[in-house]
Amino acid sequence: MSTLVEALLRHLPADAVRCAQPVAAIEADTAAYRIRLHTGERLTAAAIILALPAFQAAALLRGLDPALAAVLDAIPYASSVNINCAYRTAPDLPPGHGFLAVGAAPLLACTFAHQKFPGRAPAGAALLRLFYSDATCEWSDERLREQARRDRAGCCAFAGARDGFEHRRCPRAL
């Protein structure tokens with residue numbers, strides 16, 4: 001997701017880009033945009049690029065361009081839960097990068113991150129990433145752990161104990 005931002009950083013003057021500085025408000029007149037950061041700092045610019053989710057851009061642009069804000073607000077988002085299971089010794093997995101879990105709701109997919117991205121796990125180790133539907137966002141941590149255990153056993157034919165477990169709820173991330 002950072003590819004676009006990194007390309008902008010390479011092609012724009014260093015003083016023209018502000019990363020990780022949340023914007024509180026944007027106003028405009030015929031000459032320039034006036035930007036107020038959450039820190040209170042105020043900036044003036046001839047043009048702006050917003051690299052943020054559509055619903056956040058809509059909130060900032062509502063006073064400038066209500067029609068554009070409405071289009072951005074209409075873009076649907078879904079939430080998910082991502083679960084990382086780490087293994088010091090890789091389980092016997094099929095070749096490839098993972099699978100889509102069609103018909104296995106709430107599991108949507110599983111990636112074998114150690115086979116997909118070099119360096120995501122030490123040699124001989126494994127990192128499985130399970131992706132769950134938004135229906136699981138309200139589940140307890142224990143229920144998520146148990147679901148991941150069942151899904152690893154059912155989909156990967158592997159129920160061995162994992163050495164590490166981390167989960168993250170991702171509201172409106174997809």
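Biologist: What radius of gyration does the protein have, and what would a compact globule of 174 residues have?

Modeller: This is a predicted model. In it the protein has a radius of gyration of 21 Å, whereas a compact globule of 174 residues would have one near 16 Å. Along the principal axes, the C-alpha atoms fill a box of roughly 65 × 35 × 25 Å.

Biologist: How many of the residues count as buried?

Modeller: The share is 29% of the 174 residues. The label requires a relative accessible area under 20%. The accessible surface of the protein is about 11,100 Å², and carbon and sulfur atoms account for 57% of that.

Biologist: Which elements make up the chain?

Modeller: There are 5 helices and 8 strands. Starting at the N terminus, their order is α-β-β-β-α-α-β-β-β-α-β-α-β. As for contacts between residues at least 6 apart in sequence, 50% join residues at least 24 apart.

Biologist: What makes strand 1 and strand 2 a pair?

Modeller: Two strands pair if there are at least two bridges between them. Strand 1 (residues 23-28) and strand 2 (residues 33-37) are joined by 5 bridges and run antiparallel, so by the rule of at least two bridges they pair. With 4 residues between them, the two strands form a hairpin. Glutamate 27 has arginine 34 in strand 2 as its bridge partner. Glu27 and Arg34 also belong, with Asp29, to a network of salt bridges.

Biologist: What is the order of the strands in the open sheet?

Modeller: The 5 strands are ordered 5-6-7-4-8, with antiparallel pairing. Strand 5 (98-100) and strand 8 (164-170) are called edge strands; each of them pairs on one side only. From one strand to the next, the twist averages 15°.

Biologist: Why is helix 2 described as largely enclosed?

Modeller: Helix 2 (residues 54-61) has 8 residues, and 6 of them are buried, so the rest of the structure largely encloses this helix. Those residues are Ala54, Phe55, Ala57, Ala58, Leu60 and Leu61. Their cover includes strand 1 and helix 3 (66-73).

Biologist: Why is the contact between glutamate 41 and arginine 18 called a salt bridge?

Modeller: The N to O distance between their side chains is 3.1 Å. A salt bridge needs the nitrogen within 4 Å of the carboxyl oxygen, so the label applies. Glutamate 41 is in the loop between strand 2 and strand 3 (42-45), and arginine 18 is in the loop between helix 1 (3-11) and strand 1; the pair links distant parts of the chain, 23 residues apart. Glutamate 41 is at 33% relative accessibility and counts as partly exposed. Arginine 18, at 38%, also counts as partly exposed.

Biologist: How many salt bridges are found in the whole structure?

Modeller: The search finds 9.

Biologist: What do arginine 169 and aspartate 141 tie together?

Modeller: Their side chains meet in a salt bridge, at 3.2 Å from N to O. Arginine 169 lies in strand 8 and aspartate 141 in helix 5 (residues 141-156), so the pair ties together parts 28 residues apart in sequence. With a relative accessible area of 31%, arginine 169 is partly exposed. Aspartate 141 counts as partly exposed at 33% relative accessibility.

Biologist: Why are glutamate 146 and arginine 150 said to be separated by about one helical turn?

Modeller: Because the two residues are 4 apart in helix 5, their separation is about one helical turn.

Biologist: Are glutamate 146 and arginine 150 buried or exposed, or in between?

Modeller: Glutamate 146 has a relative accessible area of 28%, and arginine 150 has 41%. Buried means under 20% and exposed means over 50%, so both fall in between and are called partly exposed.

Methods. Residues numbered from 1 in each chain as written. Predicted model: local features only at pLDDT ≥ 70, side-chain atom pairs only at ≥ 80, totals over all residues. Heavy atoms only, no water. Axes fitted to C-alpha atoms, helices over the stretch in contact; angles between N-to-C directions. Rg over C-alpha atoms; globule rule 2.2 N^0.38 Å. Buried < 20%, exposed > 50% of the residue type's maximum accessible area, 1.4 Å probe, protein only. Contact = heavy atoms within 4.5 Å. Areas by Shrake-Rupley, 256 points an atom, 1.4 Å probe, with all protein chains shown as cover.
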